[in-house]
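Here are my notes on the model you sent over. Have it open while you read.

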Amino acid sequence: MTEKKDTKVSCKVLLMDDDGKVFIVRMANFGDMWDVPGGHMQKGESNKQAAVREMKEETNLHVHELVKIGEYDTNAHYADKHIFFLSRKWSGDVQLQMKEVDKFEWVDPSNMDDRNISPEIKRSFEMLKARG
């Protein structure tokens, strides 16, 4: 009999300002890798609750009015599925959880060629562009 493994789901937030710039963070434990805030769902959470919680934990920002922009399955060792949300509304002041993220920037998603960005952020920007 095959044992069913738990699915690891990563929920991420693309936070966009009025100028179309997206909030990104540098992953403290992945060298110079940039990504959008997010992390794994916990037992009993919805994917939207996980995205809100992870954003708050990593940045101290509380995001509002999340809209799901896409998801995809992956074979990455840390997640089986990635789910992405877009938010244009937030509250709070940025205070990074230095253990996980050590820097943040607002960037134009169409001008990221000179950065070491995660495959997930590339995919999420493609989803964002497809939405128009």
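**Notes on the fold and on E54**

1. Of the chain's 132 residues, 42% come out as buried, meaning under 20% relative accessible area, with exposed being over 50% and partly exposed in between (1.4 Å probe, protein chains only). Bear in mind that this is a predicted model, where local features need pLDDT of at least 70, side-chain atom pairs count only at pLDDT 80 or more, and totals for chains, interfaces and linings use all residues. Numbering starts from 1 along each chain as its sequence is written, and side-chain values use heavy atoms, with hydrogens and water left out.

2. The chain has nine strands and two helices, in the order β-β-β-β-α-β-β-β-β-β-α. These are DSSP runs numbered from the N terminus: helices are H or I with at least four residues, strands E with at least two.

3. Among contacts (heavy atoms within 4.5 Å) between residues at least 6 apart in sequence, 68% join residues at least 24 apart. The C-alpha trace spans about 55 × 30 × 30 Å along its principal axes.

4. Leaving aside neighbours within four places in sequence, E54 is in contact with G38, G39 and H40.
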